[in-house]
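Thanks for coming, everyone. Please take a look at the structure on the screen, and I'll walk you through it.

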Amino acid sequence: MKKTKVKIFSLQAAGLLLITALLGACGSGDTTKENTEAGKSAATTVTIKGSDTVLPLAQQEAEKYMQKNAGAAITVVGGGTGVGISAMQEGTTDLAMASRALKTEEKLKLRGAQKDVKEVLIAYDALSVVVHPSNKVSQLTREQLEGIFTGKIANWQAVGGNNEKIVAYSRETSSGTYEFFKEHVLDKKNYASGILMMPATGSIVQSVSQTPGAIGYIGLAYETKEVKALSVSYDQGKTFVAPGVEAAKNKTYPISRPLYFFYDAAVDGKVKPFVDFVLSAEGQKIVQETGYVPLS
Amino acid sequence: MKRYFHNLGEKIIVALLALSGTVTSLTVLLIVFFLFKEGLGIFSLSPVSEGTVIAVNSQNPVKELSAHQLKEISDQNITNWQEVGGPNAPIKLFRIDDLTEYFSEEQLGKDFEFVPQRINEVIAKEPNMLAFFPDEYLAKSFQGRQLQLDNISVPDFLGGTEWYPTITPAVQMGVLPLILGTLWVSFGAILLALPLGLATAIYMAEIANSRVRNILKPVIELLAGIPSVVYGFFGLVVVVPLIQDIFGLPVGETALAGSIILGIMALPTIISVSEDAMRTTPRAMKEASLALGASKWQTIYKVIIPYSISGISTAAILGIGRAIGETMAVLMVTGNASVIPNTFLEPVRTIPATIAAELGEAPQGGIHYKALFALGCILFLLTLIINLTVDFVSAKKKENR
């Protein structure tokens, strides 16, 4: 059990930053444990766990926060929204990062575990739909995306591309991105069973960049030159909007979502300074710098 | 006196050894017990996501729906009640989020205290409605009819072809694609690794001189020490694009990529075990063969291989065991699509990869959690069969002598 968890973790982080992150992943796997143990003695040690989408942001925020407050120690670990929320329920993390709101099932579970959970909206994120750079297609409607990810559209020809099979990449089911995309793009329909599931956003970027017929979805902050982001239309093709911080901020880009911190009210005193820092003008500036959309 | 202490020391050592033996066996038994206790729990659960109510109007003649039908309905592939044995009328779906389309916020109450009542009204009013909502919003005097789904059965679980463990309102737990995916990848791995491993073993045991052997052996043993995530990276960055180019495939994450990586990982086991077996061939037998005028190659395939055949089979079986249980490398290179594989050039999803990828998300004690433990049980049984085969084969080896 323990071993599996450590393994999942190293995979997630590893996928993000490829080999450079590999060493870090093994290393931080240990430090997390140490820090959770140390957390009992030093009140300034905070562990944050959850969504891989929020991970780069939380890392930046934590770094700046620790620079300003000597003695504060913050450990940030990824794993997926679901992982963070179950860790919070078990009390193994102080803050849970989430890229979606709590599900009813989770609310019931947390209520059952006698947890009074506080929810803090920290930023917005936009999802980019990406394809291989050589792909002719540069825009799709929501209906076409739904067709592609539910398996009804299987060839790029059907949406104005070359005669090539569509290879759709998705995140694993533990990802908040997976749920969000299903709810907001697939109209709550289920993904096709033949879809390829990747353990981390980094793996999706890697795979899409080396597969000519590929399509996948990633957080805006993960966009690189190796993949091409598509413009998306939510009004049957009348207007297409390209993903970007500006477009997400003025709400013209349709696939954007809120990012949250969740924590147990019992650890309020411990995490409050950090949460306040994230919501401060300085913290929101970091949000913008990291490629996310600030609250105001 | 001295002798007494000597005896005492020996007794303590014996007791310690016995204790560690007992502790180890108990731990193993406990783990197996825990695995099966959690895993078998799946068969007493209904596929409906925990805390969800599925309800229809009381006039609706449809008494039961299967999990598969529910999925098709919510994907809007089934849109008429006729297709599931009801009247010829369109199915009207209702989810809790749709509540705002029927009622204003005032009608729902400030703290949503009127929600149960409003849901009740909607269902009573619409004869063609199929509603999914959390059971906390079930009104006390509910006028609709709740649909109950049959518990997940063993044939459904083992024979089902769709793996959707997190969907609402009802999950689909078919593990057949996962079992076949695991066996398929392992089979491919052994197909690649056995000839190569055997050739290397023969070379090292019989042909290489001791200097070459002294270099080769540690190198091969080093292969066993590389962490599997490194193999995974190698696979994702090198093997996957290579397969895509060579076969002109739309996607490189395939069973073949998994087989190649697993084959490399199984090589050290196959080589060392079969080499050891070959080296136990008595010198007298080899020399007798050579003295009769047989060439070196003839000696190898007429004397050494038949003599060590059970050792070689053990090596192959242990190699399969290594391949079946491998998690990380496979998770990274096989694409993890839960479809039944027809060729090696298709993405597959294996049992260990599924457990690793999903266990973190599954709420403890829930249906998804139990299903993953049941997958663990299946994996355990597969490896148990393999280990028993190893025992059987090595027992035969002793008989032969």
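Let's start with chain B. This is a predicted model, so please keep that in mind throughout. The domain assignment divides chain B into domain 1, residues 52-150, and domain 2, residues 175-400. How far apart do the C-alpha centres of these two domains of chain B lie? The answer is 51 Å.

Now the overall dimensions. The C-alpha trace of chain B spans about 95 × 75 × 35 Å along its principal axes. Chain B has a radius of gyration of 30 Å. A compact globule of 401 residues would come out near 21 Å. As for secondary structure, chain B has 16 helices and 6 strands.

Next, helix packing in chain B.

Pair one is helix 7 with helix 10. Helix 7 of chain B covers residues 176-207. Its axis and that of helix 10 of chain B come within 6 Å. They cross at roughly 35°. The crossing of helix 7 of chain B past helix 10 of chain B is right-handed. Which classes of residue make up this contact? There are 22 nonpolar, 8 polar and 3 charged residues in the contact of helix 7 with helix 10 of chain B.

Pair two keeps helix 7 of chain B and brings in helix 13 of chain B, residues 309-325. The packing angle here is about 140°, and the axes are 9 Å apart. Helix 7 and helix 13 of chain B are therefore oblique to each other. This crossing, too, is described simply: helix 7 and helix 13 of chain B cross in a right-handed way. Look at the side of helix 7 first. Its residues in the contact with helix 13 of chain B are Thr182(B), Ser186(B), Ala189(B), Ile190(B), Ala193(B), Leu194(B) and Leu198(B). From helix 13 of chain B come Ile312(B), Ala316(B), Gly319(B), Ile320(B), Ala323(B) and Ile324(B). By class, the contact of helix 7 with helix 13 of chain B has 10 nonpolar and 3 polar residues, with no charged ones.

In chain B, helix 8 runs over residues 210-225 and helix 10 over residues 255-279. They pack at about 135°, with axes 8 Å apart. So helix 8 and helix 10 of chain B are oblique to each other. Is the crossing of helix 8 past helix 10 of chain B left-handed or right-handed? Left-handed. Helix 8 of chain B brings Ile220(B), Glu221(B), Leu223(B) and Ala224(B). These meet Leu267(B), Pro268(B) and Ile271(B) in helix 10 of chain B. The contact of helix 8 with helix 10 of chain B counts 6 nonpolar residues, no polar ones and 1 charged.

On to chain A. Its domain assignment gives domain 1 as 11-124 + 259-289, and domain 2 as 126-256. In chain A, 19 residues of domain 1 are in contact with 16 residues of domain 2. On the domain 1 side of that contact, helix 1 and helix 3 of chain A each supply at least two residues. Helix 1 of chain A gives the most, with 6 residues. By class, this domain 1 side of chain A has 8 nonpolar, 9 polar and 2 charged residues.

Last, the contact between the chains. Chain A puts in 38 residues and chain B puts in 40 residues. Which elements of chain A give two or more residues to the side that touches chain B? They are helix 1 (2-38), helix 3 (81-90), helix 4 (104-112), strand 7 (196-198) and helix 7 (201-210) of chain A. The largest share, 8 residues, comes from helix 1 of chain A. The side of chain A that touches chain B has 12 nonpolar, 18 polar and 8 charged residues.

Technical notes. Residues numbered from 1 in each chain as written. Chains lettered and ligands numbered in written order. Predicted model: local features only at pLDDT ≥ 70, side-chain atom pairs only at ≥ 80, totals over all residues. Contact = placed C-beta atoms within 7 Å. Helix = DSSP H or I, 4+ residues; strand = E, 2+ residues; numbered from the N terminus. Nonpolar A, V, L, I, M, F, W, Y, C, P; charged D, E, K, R; others polar. Domains from an automatic or database assignment. Axes fitted to C-alpha atoms, helices over the stretch in contact; angles between N-to-C directions. Parallel < 35°, antiparallel > 145°, perpendicular 65-115°, else oblique. Left-handed = near helix turned anticlockwise from the far one by under 90°. Rg over C-alpha atoms; globule rule 2.2 N^0.38 Å.
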